[in-house]
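Please look over the model shown here. The report below goes through it part by part.

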Amino acid sequence: MTETQNTVEFTPERLKIAQEMIDRYPAERQKSALLPLLHLAQEQWGWLSPEVMDYVGRMLSIQAIEVYEVATFYTMFHLDPVGKHVIEYCRTGPCCLMGGEEIYDYLKQKLGIQAGETTADQKFTLKEVECLAACGMGPVFQIREQYYMNLTRDKVDEIIAELSR
Amino acid sequence: MGKKILLEHINVPGIETYDVYRKQGGYTAVEKAIKTMSPEGVVEEVKKAGVRGRGGAGFPMGMKWSFLAKPEGVPRYLVCNADESEPGTFKDHYLMKNIPHLLIEGMIVSSYALGANKSFIYVRGELMYVIRILEKAIAEAKAAGFLGKNILGSGYDLELVVHPGGGAYICGEETALLESLEGKRGNPRNKPPFPAVKGLYQCPTVVNNVESIATASWIINNGGDAYAAIGIGRSSGTKLISASGHIKKPGVYEIELGVPVEEFLYSDEWCGGIRDGHHLKALVAGGSSVPILPANLITKLANGEPRLMTYESLSDGGFQTGTMLGSGGFIVFDETACIVRNTWNFSRFYHHESCGQCSPCREGTGWMEKVLHRIEHGHGSMHDIDLLVDVAKKIEGNTICPLGDAAAWPVASAIRHFRDEFEWHITHPAEATQPGAVFKGEMALV
């Protein structure tokens, strides 16, 4: 453990939420709180650095490797720094039937980046994701907890303009 | 055929709140079950109802409940599978978002039946906003005395915990879900032992889909026989269908099982028909993993009789001429859809979502994606078509969990019914790789 790792800590408000999350599971089963805590950590830091993962591991009294193997398995966790807004774009079949590929090309062109990249101003990161369970409202993308559905070029323009402010 | 069980009050303003839900008769099933019925009595009604697992497998829920082991002094768990991730399926998302108390009430009734004092709702992590809706509903139900210690003075205690996933289709498989709930990677477990004996924390556990659990309240209020009287034969009750693709009215619809496929597809009450100026080409009736059907096999069985929206009728003819009801993810394709491109897309999905434990699935899904990619991009050879069939066959049935089958069926069925289209991509690469190019050869359209 280095000095910098020790500086990683939840805000007092999140620390309280974290303890509540751990308490939801039966005694001795605190490892169950790993996914909820990783979400909470990503909410605070934007992505999961090794230091943050180590911190979560210490909170749950589990080995660091137990955190890494989980964080790398689930696609929602960002293991590298990301921009302010992470656009998670659905690339799966039903969205594609509704013109999802065309809108995706437009979005990439508009932002000037490819999947996995971040804009130079650090505002947007683009990620491709699989089905978001909103197939009747496709094309769809998600930014944090918000779903943006029935996307058109105009809608994409509006959303990007709004978030660029 | 307009019977509504789950979505009857969906359009009542404020139905997402406890007060409005309660005024529409909500939580009467909890009162009835806890005050007047034994847990065994509740299980009996659900068995009589014959309701089948609505997540896709279609296994009778009451029977699953009756398999639950009950050793002395060991906690039992109910876990709701709200990890809805099967492409084409968005019904649980819709139900939880719009009428969360229906799931909470079902969870209380079901937990009481199983003797569980702590139950979990595992929701896919992308639906964090729905998790917040469910947590609010739980707090309201608790304030009203339907959750917590000594519910309605009965001595029965229940706590509900909503747990977020992390983005992994595989966690919809029940043992992968349990691993994930324990804070691990979502690797499915070898079975036996089944979760009913050793599930969450190695304790007896029942895992049921959102829609299945949501039926419990109606069954308790109206009786298992009344539920069994709806629908046709072993396809009892109603089913939520997620309709998407090239139709006029995409959305979530509750149908009485037994509605003809043709009616569901063309009636203004439901899909409203194919979008103007276009024709039906293909259908995936039950989520991306079930076999795709060509137009001539969708509304009619091989013997010419109408095909119905039931487990039995959709699977009539086996995989040669039939498919499956699955999760009810009803994806409609018109003549502008390229079957090769869609099959490649689905294959990429399964390759991405394979957990990597079993080599036939880990390697096979990758090979299928790669071969389909080269056919779609104009570099395929005729041999590739048979290669795909061979790889699909070698995955099917050779893995711990059904993801392998789910990856193999879309490929095998697309080739079975649309072989011409694959061949055209191989023989006409220049034409087939033009943007939006679709095979226009001889093909049945409706």
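## Chain A: overall layout

This is a predicted model. Chain A has eight helices and four strands. Read from the N terminus, its elements follow the order α-α-α-α-α-β-α-α-β-β-β-α. Along the principal axes, the C-alpha trace of chain A spans about 50 × 35 × 25 Å.

Two domains divide chain A: domain 1 covers 3-71, and domain 2 covers 85-164. Their centres, taken over C-alpha atoms, are 29 Å apart. Of the 165 residues in chain A, 36% count as buried. Among chain A contacts between residues at least 6 apart in sequence, 58% join residues at least 24 apart.

## The contact between the chains

Chain A puts 33 residues into the contact, and chain B puts in 46 residues. On the chain A side, α3 (34-45), α5 (64-71) and α6 (93-97) each supply at least two residues. α3(A) gives the most, with five residues.

What is the make-up of the side of chain A that touches chain B? Its residues divide into 19 nonpolar, eight polar and six charged.

## Helix α6 of chain B

Helix α6 of chain B runs over residues 100-114. Its 15 residues, at 1.5 Å a residue, should span 21 Å. The end C-alpha atoms are 21 Å apart, which agrees with that expectation.

Is α6(B) enclosed or open? Here 15 of the 15 residues are buried, so α6(B) is largely enclosed by the rest of the structure. After the helix comes B:G115, whose phi is positive, near 75°.

## A five-stranded sheet in chain B

Chain B holds an open sheet of five strands with mixed pairing. The strand order is β8-β7-β11-β9-β10. β8 (251-256) and β10 (293-294) stand at the edges. Each has a single partner strand, so one side of each is left without a neighbour in the sheet.

Strand β7(B), residues 238-245, takes part in two pairings described here. With β11(B), residues 329-334, it pairs in the parallel sense over four bridges. With β8(B), β7(B) pairs in the antiparallel sense over six bridges. There B:T238 stands opposite B:E256. A hairpin of five residues joins β7(B) to β8(B).

How covered is β7(B)? The strand is mostly covered, with eight of its eight residues buried.

## The nonpolar core

In soluble globular proteins, nonpolar side chains tend to be buried together. The largest nonpolar core in this model has 181 residues. Those with the most contacts inside it are B:V79, B:L95, B:V109 and B:I121. Helix α18 of chain B, residues 403-427, contributes the largest share of this core, eleven residues.

Which residues does B:L95 touch, leaving out those up to four places away in sequence? They are B:L6, B:L102, B:L103, B:V210, B:E211, B:A214 and B:L240.

Definitions and conventions
Residues are numbered from 1 along each chain as its sequence is written. Chains are lettered from A and ligands numbered from 1 in the order in which they are written. This is a predicted model: local features need pLDDT of at least 70, side-chain atom pairs count only at pLDDT 80 or more; totals for chains, interfaces and linings use all residues. Two residues are in contact if their C-beta atoms, placed from the backbone, lie within 7 Å. Ala, Val, Leu, Ile, Met, Phe, Trp, Tyr, Cys and Pro count as nonpolar, Asp, Glu, Lys and Arg as charged, and the others, Gly among them, as polar. Domain bounds come from an automatic or database domain assignment. The expected span of a helix is 1.5 Å times one less than its number of residues. A residue is buried if 20 or more other C-beta atoms lie within 10 Å of its own, exposed if 12 or fewer, and partly exposed in between; C-beta atoms are placed from the backbone. Two strands pair if DSSP finds at least two bridges between them. A nonpolar core is a set of buried Ala, Val, Leu, Ile, Met, Phe, Trp, Tyr and Cys residues joined through C-beta atoms within 7 Å.
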